[in-house]
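Student: Could we walk through this model together, one question at a time?

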Amino acid sequence: MKTDFCLKAKILFVFLGTALHAGAGSAVLRAHGTERVFPLEEAQRLARLNNATVLATEQDISIAQMRVQESRLQFLPDIGVQGSASRYTARYPLALAPEFRSVLLFPSSREYIYSARGYLIHTIYGGGRATNTLRLAQSSLKQSQSRYNAAKMDSDIETARVFYQ
C-alpha cells in the first residue's frame, strides 16, 4: 500500500504540483489561469521524465555500459612510458638498478642522469578472469535494461490509471 501511495504521489506531482483531472480522453493542466490539454502519450512521457525510479534505472544502464566497456578493455595490453632526471654526485662508482642493465657509473663532471623506459604488459593467461568479468558485465547490463523497461511500464500503467480515473 505504501509503494502504491508513493507511486500515486509521484504521478500526481509530475505536473509540478498542479492537479491532474480526467477529461474526455485527455488530461487538463491548470496553471496560472491557463489550461493545457495533454493526450495520454504526452502525459506518460512527462511522467517518465519525472519518475525517480525510471531516472535511476537509466543511470544504472549507463553505469552498466561503462562496466562492459571497461571489461572489454581488459583484453588489451597495458602500454606505458616513464622518464626521469636525477642529479648525480658521487665520490665512488655506483651500479644502476637491473632495469637499467646494471650499468656502472663513475664519478665525473656530469651532474645529471637522464633515464627513460617504455613498457608493454599483456596477460597471456588469466584463468578466464577477463572473459568472466565481461560476461558478468553484459548480464548486469541486460538486468539494468530489464529493470528500466519494467519501471517505464509501471510508470505508464500508473499514469494511464490516473488518467482515466
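**Contacts, burial and helix packing**

Student: How long is the polar contact that joins the side chains of Glu158 and Arg161?

Tutor: A polar contact is a pair of N or O atoms within 3.5 Å; within protein, one must be able to donate a hydrogen and the other to accept it, and sequence neighbours count only if both atoms are side-chain atoms. The side chains of Glu158 and Arg161 are joined by such a contact, at 2.2 Å.

Student: What should I keep in mind about these values?

Tutor: This is a predicted model, in which local features need pLDDT of at least 70 and side-chain atom pairs pLDDT 80 or more, while totals for chains, interfaces and linings use all residues. Residues are numbered from 1 along each chain as its sequence is written, and side-chain values use heavy atoms, leaving out hydrogens and water.

Student: Is Glu158 buried or exposed?

Tutor: Glu158 sits in helix 4; helices (H or I, at least four residues) and strands (E, at least two) are DSSP runs numbered from the N terminus. Buried means under 20% relative accessible area, exposed over 50%, and partly exposed in between, with a 1.4 Å probe and protein chains only. Glu158 has a relative accessible area of 7%, so it counts as buried.

Student: What pattern does the protein follow along the sequence?

Tutor: There are 4 helices and 7 strands. Of the 165 residues, 24% count as buried. Read along the sequence, the pattern is α-β-β-β-α-α-β-β-β-β-α.

Student: How are helix 2 and helix 4 oriented to each other?

Tutor: Two packed helices are described by the angle between their axes and the distance between the axes. Axes are lines fitted to C-alpha atoms, for helices over the stretch in contact, and angles run from 0 to 180 degrees between N-to-C directions. Helix 2 (residues 40–50) and helix 4 (residues 129–163) pack at about 130 degrees, with axes 9 Å apart. Under 35 degrees counts as roughly parallel, over 145 as roughly antiparallel, 65 to 115 as roughly perpendicular and the rest as oblique, so helix 2 and helix 4 are oblique.

Student: Which residues of helix 4 make the contact with helix 2?

Tutor: Contact means heavy atoms within 4.5 Å. From helix 2 come Leu40, Ala43, Gln44, Ala47 and Arg48. From helix 4 come Lys152, Ser155, Asp156, Thr159, Ala160 and Phe163.

Student: And how are helix 3 and helix 4 oriented to each other?

Tutor: The axes of helix 3 (residues 52–73) and helix 4 come within 8 Å and cross at roughly 165 degrees. Helix 3 and helix 4 are therefore roughly antiparallel.

Student: Which residues does Ser144 touch?

Tutor: Ser144 lies in helix 4. At a relative accessible area of 5%, Ser144 is buried. Leaving aside residues up to four places away in sequence, Ser144 touches Asp60, Ile61 and Ala64.

Student: What separates the C-alpha atoms of Ala150 and Val54?

Tutor: Ala150 also belongs to helix 4, and at 35% relative accessibility it counts as partly exposed. Ala150 and Val54 are 96 residues apart along the chain, and their C-alpha atoms are separated by 8.8 Å.

Student: Which residues does Asp78 touch?

Tutor: Asp78 lies in strand 4 (residues 78–87). The C-alpha atoms of Asp78 and Thr123, 45 residues apart along the chain, are separated by 9.1 Å. Not counting residues up to four places away in sequence, Asp78 touches Tyr119, Leu120 and Ile121.
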